[in-house]
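Open the model in your viewer and keep the selection tool at hand. Each stop below tells you what to select and what you will find there.

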Amino acid sequence: MKKLYILFFTILISSLSFGQVILAEDFSYADGSLVPNGGWISAGGTAGDFLVSSGQAVVQHGTPSEDVRYSFTPVTGDIYVAFDFSVDDLGAPYSSAGTDYEYFAHFNGPSFDFRARLDVVPGTGGGDFTVGISSSTGDAQQIWGADLTFGVLYRAVLRYNQDSGLAELWIYASVESDTSIVGTADGATVIEGFSLRQSDSDENE
């Protein structure tokens with residue numbers, strides 16, 4: 001069964017140390033392939049099958065395979081991305097027989113190293129799904145404590161500390177002191193881009 005993550009991006013990638021906005025993205029392109037609009041490039045998979053629809057980036061796990069990346073000149077300090085996302089309602093809570101939950105958004109270090117990966121994972125209290133964060137590994141290192149609901153729009157904020165290699169995630173935060181979860185620090189990594197990813201998981205998520 002295929003799950004689509006429909007991302008309402010107004011992506012805001014910034015480095016607070018400079019008060020600098022690197023990218024603000026609302027995906028207001030004609031329906032069809034995202035690449036090469038707005039400076040996005042193909043980063044693997046079948047070119048042209050990462051789609052924009054009605055001003056939304058549509059991340060699918062299943063037959064579409066293209067990953068897309070936005071590259072930028074590195075900056076110093078913590079780097080943030082914030083975006084709105086929802087997960088399509090498939091009529092039953094997400095579950096997985098394994099631990100191959102699929103991350104769909106992440107920062108890129110040198111040589112396309114993946115950092116601050118955001119995963120969709122099974123709910124912990126019987127809800128539809130929840131999300132997890134990993135600083136550098138393929139599986140979530142920490143899971144958001146509250147379950148989330150299909151079809152509801154959520155605001156995710158990711159922070160990556162380039163000095164320690166630590167990723168942090170907030171859902172619908174108002175201030176930095178709001179509840180967050182963190183991955184495991186993995187050493188200094190310079191961030192050079194941001195990616196959206198399509199792939200298969202154990203249950204064709």
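Select Asp78, Arg159, Glu168 and Glu176: a network of salt bridges links them in this predicted model. A salt bridge here is a side-chain nitrogen of Lys or Arg within 4 Å of a carboxyl oxygen of Asp or Glu. Residues are numbered from 1 along each chain as its sequence is written. In this predicted model, local features need pLDDT of at least 70 and side-chain atom pairs count only at pLDDT 80 or more, while totals for chains, interfaces and linings use all residues; side-chain values use heavy atoms, with hydrogens and water left out.

Start with aspartate 78 and arginine 159. Their side chains form a salt bridge, at 3.9 Å from N to O. Aspartate 78 sits in the loop between E7 and E8, and arginine 159 in strand E13 (residues 154-161), so this pair ties together parts that are 81 residues apart in sequence. Strands (E, at least two residues) and helices (H or I, at least four) are DSSP runs, numbered from the N terminus.

Now compare their cover. Buried means under 20% relative accessible area, exposed over 50%, and partly exposed in between (1.4 Å probe, protein chains only). Aspartate 78 is partly exposed, at 23%. Arginine 159 is buried, at 13%.

Next, select aspartate 84 and arginine 155. Here is another salt bridge, with the closest N and O atoms 2.4 Å apart. Aspartate 84 lies in strand E8 and arginine 155 in strand E13, so the pair ties together parts that are 71 residues apart in sequence. Aspartate 84 is buried at 14% relative accessibility; arginine 155 is partly exposed at 27%. The structure holds 4 salt bridges.

Move to aspartate 67. Which loop holds aspartate 67? Look between strand E6 (56-61) and strand E7 (68-71). Aspartate 67 is buried but has no salt bridge. The nearest side chain of opposite charge, arginine 197, is 4.7 Å away. For charge, Lys and Arg count as positive and Asp and Glu as negative; His and the chain ends are not counted. Then find the backbone nitrogen of glutamine 198, which is 2.9 Å from a polar atom of the aspartate 67 side chain. Show the contacts of aspartate 67 (heavy atoms within 4.5 Å). Beyond its neighbours within four places in sequence, they include Ile41, Ser42, Ala43 and Gly44. Leu196, Arg197 and Gln198 are also among them.

Now select Trp40, Phe83, Phe85, Phe129, Val131, Leu169 and Leu196. These have the most contacts inside the largest nonpolar core, which has 42 residues. Strand E8 (residues 79-87) gives the most to this core, with 5 residues. A nonpolar core is a set of buried Ala, Val, Leu, Ile, Met, Phe, Trp, Tyr and Cys residues joined through side-chain atoms within 4.5 Å.

Go on to phenylalanine 194, in strand E16 (residues 193-196). Phenylalanine 194 is buried, at 0% relative accessibility.

Finally, zoom out. The protein chain has 0 helices and 16 strands. Of its 205 residues, 49% are buried. Among contacts between residues at least 6 apart in sequence, 62% join residues at least 24 apart.

Definitions and conventions
A polar contact is a pair of N or O atoms within 3.5 Å; within protein, one must be able to donate a hydrogen and the other to accept it, and residues adjacent in sequence count only if both atoms are side-chain atoms.
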